[in-house]
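Trainee: I would like to learn how to read a model like this one. Can we take it feature by feature?

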Amino acid sequence: MVFSALTFGQEVELIWRQRWSLMTVLYLSVRYVGIGCAVMNILISVPTISMTDTVSLIISDGLYWMADVVNVILSVIMIARLHAMYQRSRKVLIFLVVIFLAIRIANVVMTAITMMQISMEEFVLSGTYQCNFDYGGDSTFLQSMTWIVDIVWEVFALCLAVWIAVKHFRELRQHSTRGIIGDCFTVLMKTHVSYFASFLAISCFEIGFISPTLSADPYSLGAQIYNGFTQIFEFVGLFVLGPRLILGVREYHAELVTNSDTATAMTSIAFQERVHVSTSSSV
């Protein structure tokens, strides 16, 4: 929530005060689902708050599904960006959607199986309430597999973005031009790489839970510290750097509006709805 407060001024100026679109809805969904996740984490983590086993398990399941929904929304944003970078190619869009659906279906199945294998028990220890989660069966392994599958999707999306960006920059270099569209590709790649790096770090932390050291005693001090860092990275990556995929481009568009009348050339890629980027040398 602290990270959300730091960028709230930009959010008001670049999101709330602008014409509403699909990207506006997606941005706000990711941003405020993150705040909801933070509140729910507090509810099940603070030892002075008492909840029944059923309520704690519902909140835990809700956190899993909310994170999955956020990943879906971020993937939709990524598809929109790639679709724009590839000149709104219908073939590219269909290809991305098919790959995305295959990955999401696999993840939903694994997440559902994981949820069925997790049980929860609350007990009182020295006057404080503790939640003990039992990750039975292959739940830990399946949870890690969902992150591995997500990594495959993110690597795939990054490779597509890098390929078209390199191609476009080569065309600009051949004609000794850069211009607004070249700068826009730079902004797109910076936000994409920062998001990918954060997602990779989160995934590595999540996959680390299957290590024998952590799985042998998940409630040891070391395991709890590891889990705390994992939650921090996950919150920052999904709910701060994720929305930056939209906010960063809108910041660049706002700078163009302020500094130059040529900002109209950017309206197609600034997520003001009609996304279109030409990679031809005539731009």
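Mentor: Start with the loop between H4 and H5, where Arg88 lies. This is a predicted model, so keep that in mind throughout.

Trainee: What is the phi of Arg88?

Mentor: First the general idea. Most residues other than glycine have a negative phi. Now the case here. Arg88 has a positive phi of about 55 degrees, although it is not a glycine.

Trainee: Is Gln87 buried, partly exposed or exposed?

Mentor: Read the relative accessible area. Buried means under 20%, exposed means over 50%, and partly exposed lies in between. Gln87 is at 37%, so it counts as partly exposed. Arg88 is at 41%, so it too counts as partly exposed.

Trainee: How many helices and strands does the protein have?

Mentor: Ten helices and two strands. Along the sequence the pattern reads α-α-α-α-α-β-β-α-α-α-α-α.

Trainee: What share of the residues counts as buried?

Mentor: Of the 283 residues of the protein, 46%.

Trainee: Which residues of H9 are buried?

Mentor: Here is the general idea. An α-helix has 3.6 residues a turn, so residues three or four places apart point the same way. In H9 the buried residues are Ala223, Thr230, Glu234, Phe235, Val236, Gly237, Leu238, Phe239 and Val240.

Trainee: Which backbone oxygen does the side chain of Thr191 reach?

Mentor: That of Leu188, at 2.9 Å.

Trainee: How many cavities of 30 Å³ or more does a search of the whole structure find?

Mentor: One. About 30 Å³ of space lies in the largest cavity.

Trainee: Which residues line the largest cavity?

Mentor: Asn71, Ser75, Arg104, Asp150, Trp153, Glu154, Tyr195 and Phe199. Read a lining by class as well. This one has three nonpolar, two polar and three charged residues.

Trainee: Which helices each supply at least two residues of that lining?

Mentor: Helix H4 (53–85), helix H6 (139–174) and helix H7 (179–207). The largest share, three residues, comes from H6.

Trainee: How do I compare separation in sequence with separation in space?

Mentor: Take Met145 and Ser203. They are 58 residues apart along the chain, and their C-alpha atoms are separated by 9.9 Å. Met145 has its place in helix H6. At 25% relative accessible area, Met145 is partly exposed.

Trainee: What are the separations of Val92 and Ile79?

Mentor: They are 13 residues apart in sequence and 9.4 Å apart in space, C-alpha to C-alpha. Val92 has its place in helix H5. Its relative accessible area is 18%, so Val92 is buried. The cut-off for buried is under 20%.

Trainee: How many disulfides does a search of the whole structure find?

Mentor: Look for pairs of cysteine sulfur atoms within 2.5 Å. The search finds zero disulfides.

Trainee: Are Cys159 and Cys204 buried, partly exposed or exposed?

Mentor: Cys159 is at 48% relative accessibility, so it counts as partly exposed. Cys204 is also at 48%, and it counts as partly exposed too.

Technical notes:
Residues are numbered from 1 along each chain as its sequence is written. This is a predicted model: local features need pLDDT of at least 70, side-chain atom pairs count only at pLDDT 80 or more; totals for chains, interfaces and linings use all residues. Side-chain values use heavy atoms; hydrogens and water are left out. Buried means under 20% relative accessible area, exposed over 50%, partly exposed in between (1.4 Å probe, protein chains only). On a 1 Å grid over the protein atoms alone, a cavity is a set of points where a 1.4 Å probe fits but cannot get out, and a pocket is an open set with protein on both sides within 12 Å along at least five of seven lines; lining residues have an atom within 4 Å of a point. Grid points are joined across faces, edges and corners, and a volume is the space filled by probe spheres set on the points. Helices (H or I, at least four residues) and strands (E, at least two) are DSSP runs, numbered from the N terminus. Ala, Val, Leu, Ile, Met, Phe, Trp, Tyr, Cys and Pro count as nonpolar, Asp, Glu, Lys and Arg as charged, and the others, Gly among them, as polar. A polar contact is a pair of N or O atoms within 3.5 Å; within protein, one must be able to donate a hydrogen and the other to accept it, and residues adjacent in sequence count only if both atoms are side-chain atoms.
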